[in-house]
Amino acid sequence: MGASAIAYADADLMKTATLSATNENTAYPVSRVKTDDVDSPGKPFKSTAVSTVITITLAASNIPDAIALINHNLVGKTVTLANGVGFSQAIAIPARTSDGLCVNAWLDMRGLANRDDNDWTLTLTGGRGTIQVGRIAFIGANGLRAWRLRYGGRVRPTRLNASV
């Protein structure tokens with residue numbers, strides 16, 4: 001924890017999960033949060049209210065390592081991930097950047113207890129505006145890998161030279 005990590009697509013438990021959501025906008029169904037295609041960024045899951053509960057039922061009991069919420073409008077909302085065996089954890093939603101871009105939220109769960117379950121709820125409440133989430137990645141056991149950046153060369157910006 002605290003170090004950079006990477007997860008590969010085959011570690012995403014959402015691919016085979018069954019999903020449901022309260023207050024679902026049928027034109028933007030919750031199934032969009034597990035779809036990787038060219039329409040995903042432009043057609044996220046949307047709720048019809050300021051609160052919703054997304055239920056994630058995994059194919060089998062699993063011990064997830066992390067969850068990521070990608071391309072969302074959750075700033076100012078309370079987001080809680082829970083299961084039926086005692087896990088309940090708030091997910092911090094970072095503020096938007098100075099130019100208004102969304103910062104993807106994620107929770108590293110590797111050091112947390114009570115993660116072995118196949119039924120999960122993601123509760124999103126509060127704030128203003130209806131909920132929108134482009135993608136949820138739910139990374140399975142041992143799905144996060146250490147990632148080390150290696151520096152060697154220097155990158156210098158190319159500048160126009162007036163004397164040429």
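# A tour from strand β5

Start by selecting strand β5, which contributes the most to the lining of the largest pocket, with 4 residues. Strands (E, at least two residues) and helices (H or I, at least four) are DSSP runs, numbered from the N terminus. The model is predicted: local features need pLDDT of at least 70 and side-chain atom pairs count only at pLDDT 80 or more, while totals for chains, interfaces and linings use all residues. Residues are numbered from 1 along each chain as its sequence is written, and side-chain values use heavy atoms, with hydrogens and water left out.

**The pocket**

Keep β5 selected and display the space beside it. The largest pocket holds about 320 Å³. Among its 19 lining residues, those closest to the centre are A7, A68, I70, A137 and I139. Two or more lining residues come from each of β1 (5-7), β5 (66-72), β8 and β10 (132-139). Colour the lining by class: 14 residues are nonpolar, 1 is polar and 4 are charged.

The terms behind these values are as follows. On a 1 Å grid over the protein atoms alone, a pocket is an open set of points with protein on both sides within 12 Å along at least five of seven lines, whereas in a cavity a 1.4 Å probe fits but cannot get out; lining residues have an atom within 4 Å of a point. Grid points are joined across faces, edges and corners, and the volume is the space filled by probe spheres set on the points. Nonpolar covers Ala, Val, Leu, Ile, Met, Phe, Trp, Tyr, Cys and Pro, charged covers Asp, Glu, Lys and Arg, and the others, Gly among them, count as polar.

**The sheet that contains β5**

Next, select β3, β10, β5 and β8. In that order they form an open sheet of 4 strands with antiparallel pairing; two strands pair if DSSP finds at least two bridges between them. β3 and β8 are the edge strands, each pairing on one side only.

Zoom in on L69. L69 stands opposite I136 in β10 and opposite A105 in β8. The antiparallel pairing of β5 with β10 runs over 6 bridges, and that of β5 with β8 over 4 bridges. Moving to β3 (residues 45-46), 2 bridges join this strand to β10 in the antiparallel sense, with V133 in β10 as the bridge partner of F45.

Is β10 mostly covered or mostly uncovered? Mostly covered: 7 of its 8 residues are buried. Buried means under 20% relative accessible area, exposed means over 50%, and partly exposed lies in between (1.4 Å probe, protein chains only).

**The sheet of 5 strands**

Now hide those strands and select β2, β4, β9, β6 and β7. They form an open sheet in the order β2-β4-β9-β6-β7, and the pairing is antiparallel. At the edges, β2 (18-21) and β7 have a single partner strand each, so one side of each lacks a neighbour in the sheet. Neighbouring strands here are turned by 15 degrees against each other on average, direction ignored; the axes are lines fitted to C-alpha atoms, for helices over the stretch in contact, and angles run from 0 to 180 degrees between N-to-C directions.

Centre the view on β9. 7 bridges join β4 (residues 52-62) to β9, where W120 is the bridge partner of I56. Strand β6 (residues 78-83) is joined to β9 (residues 117-125) by 6 bridges; A82 stands opposite T121, and T78 stands opposite T125.

P94 is partly exposed, with a relative accessible area of 28%. Leaving aside residues up to four places away in sequence, P94 touches V75, V103, N104 and A105; contact means heavy atoms within 4.5 Å. G76 lies 18 residues from P94 along the chain, with 9.1 Å between their C-alpha atoms.

Most residues other than glycine have a negative phi. N71, in strand β5, has a positive phi of about 55 degrees and is partly exposed at 34% relative accessible area. N114, in the loop between β8 and β9, has a positive phi near 65 degrees and is partly exposed at 41%.

**Zooming out**

Finally, show everything. The protein has 0 helices and 11 strands. Buried residues make up 34% of its 164 residues. Of the contacts with a separation of 6 or more, 77% are between residues 24 or more positions apart.
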